[in-house]
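My notes are below, in the order I looked things up.

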Amino acid sequence: MGKENKDCFIIMPIADADGYEKGHFLRVYEDIVKPAVQDSGFVATRADEVKETNFIHLDILKKLIDAPIAICDLSSRNPNVLFELGIRQAFDKPVVLIQEKGTPKIFDIGPLRYLEYDKGMKYHDVLRTQKELSEAIVATKTAEGQQGNINSIVRLMALSNPASIPTLEGDNKEALAIDILQSQLNDMRKMMEISLMENKRGSSKGSIHLIEYERISNKLDKLINSRNRMSKSNLEGEYHRLMMETEELAMHCDEKTDHRMLRYLMERIHRSMHSDFGDE
């Protein structure tokens with residue numbers, strides 16, 4: 001049997017950033033992130049520590065996708081950090097979001113697991129954050145795949161199915177890299193459109209449209225999981241009912257972000273119907 005993968009890939013600024021003291025993010029990594037990861041039973045790996053081959057970028061990409069768990073620090077709004085997070089999210093892999101207190105939200109991360117740490121990094125604050133982060137890592141990994149668990153923008157916004165790495169023969173790393181990027185291109189595009197939209201949802205986290213979206217999305221998940229045990233006519237009828245409910249909600253939805261969310265849910269229902277019934 002192969003050795004269990006215990007990597008925890010760390011997505012965070014590596015170089016010094018404007019507005020921060022020299023070595024700030026290295027201290028965050030060494031004093032908060034690495035001890036928390038170790039306490040949770042994983043091994044922290046940052047991009048600058050990946051030195052397996054000369055084709056460094058592909059090795060980083062594989063680590064980013066293959067790691068069972070990841071942590072992303074959104075504090076500096078670093079473009080490279082957001083890009084790596086986008087790839088991780090496109091593959092619908094579990095990630096714990098962290099950010100410095102006072103960091104403006106780039107997108108609505110309310111429904112996702114995240115925690116904030118104090119920039120001053122005083123001793124007792126560091127110890128508390130280590131414990132909270134370790135607990136968040138374990139909770140996020142444990143909840144992976146559970147019914148109703150939403151821990152990625154892919155699932156939250158009902159985007160198309162998560163990207164996946166195609167199975168290729170041989171060891172052609174360049175071909176593998178191209179196929180990986182192509183397979184997640186559409187999901188990345190949609191995800192970044194949503195994440196970069198102005199945060200206009202306000203209090204809509206408790207809105208009827210979001211509540212109904214979660215209800216229908218959960219019903220769709222259950223339907224997909226039980227479709228092999230249902231008759232063709234019953235399955236088709238359930239798909240049509242979910243589509244009609246979602247269309248009705250979208251027709252009476254004035255909030256653009258909620259409407260976009262419902263539209264993606266309709267696309268997901270349609271894809272599932274097409275997968276089961278084709279062009280019938």
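**Entry 1: the model.** I am working from a predicted model.

**Entry 2: strand E3.** I began with E3, residues 69-73. How many of its residues are buried? I found 5 of the 5 buried, so the strand is largely enclosed by the rest of the structure. Next I checked the two faces. In a regular strand the side chains alternate between the two faces of the sheet. On one side of E3 I listed Ile69, Ile71 and Asp73, and on the other Ala70 and Cys72. Each of these residues is buried, so I noted both faces as covered, the cut-off being under 20% relative accessible area.

**Entry 3: partners of E3.** Which strands pair with E3? One is E1, residues 7-11, which runs parallel to E3 and is joined to it by 4 bridges. Within that pairing, isoleucine 10 has isoleucine 71 as its bridge partner in E3. Another is E4, residues 95-100, also parallel, again with 4 bridges. There I traced two bridges into E4: isoleucine 71 goes to valine 96, and aspartate 73 goes to isoleucine 98.

**Entry 4: the crossover.** I followed the chain from E3 to E4. Helix H3, residues 79-90, belongs with these two strands in a β-α-β unit. I logged its hand as right-handed.

**Entry 5: strand E4.** Is E4 mostly covered or open? It is mostly covered, with 6 of its 6 residues buried. One side carries Val95, Leu97 and Gln99; the other carries Val96, Ile98 and Glu100. I also looked for a further neighbour and found E5, which runs parallel to E4 and is joined to it by 4 bridges. Glutamate 100 has tyrosine 117 of E5 as its bridge partner.

**Entry 6: isoleucine 10.** I listed what this residue touches, leaving aside neighbours within four places in sequence. The contacts of isoleucine 10 include Tyr29, Val33, Val37 and Ile71. Also on the list are Ala44, Thr45, Arg46 and Ala47.

**Entry 7: histidine 24.** I placed this residue in helix H1. Histidine 24 has a relative accessible area of 4%, so I logged it as buried. Not counting residues up to four places away, it touches Asp16, Glu100, Tyr117, Lys119 and Met121. Two of those names were already in my notes: glutamate 100 and tyrosine 117 are bridge partners.

**Entry 8: cysteines.** How many disulfides does the structure hold? The count is 0. I checked burial for two cysteines as well. Cysteine 8 is buried, at a relative accessible area of 0%. Cysteine 253 is buried too, at 8%.

Conventions. Residues are numbered from 1 along each chain as its sequence is written. This is a predicted model: local features need pLDDT of at least 70, side-chain atom pairs count only at pLDDT 80 or more; totals for chains, interfaces and linings use all residues. Side-chain values use heavy atoms; hydrogens and water are left out. Buried means under 20% relative accessible area, exposed over 50%, partly exposed in between (1.4 Å probe, protein chains only). Two strands pair if DSSP finds at least two bridges between them. A crossover is right-handed if, with the strands pointing away from the viewer, the path from the first strand over the helix to the second runs clockwise. Contact means heavy atoms within 4.5 Å. A disulfide is a pair of cysteine sulfur atoms within 2.5 Å.
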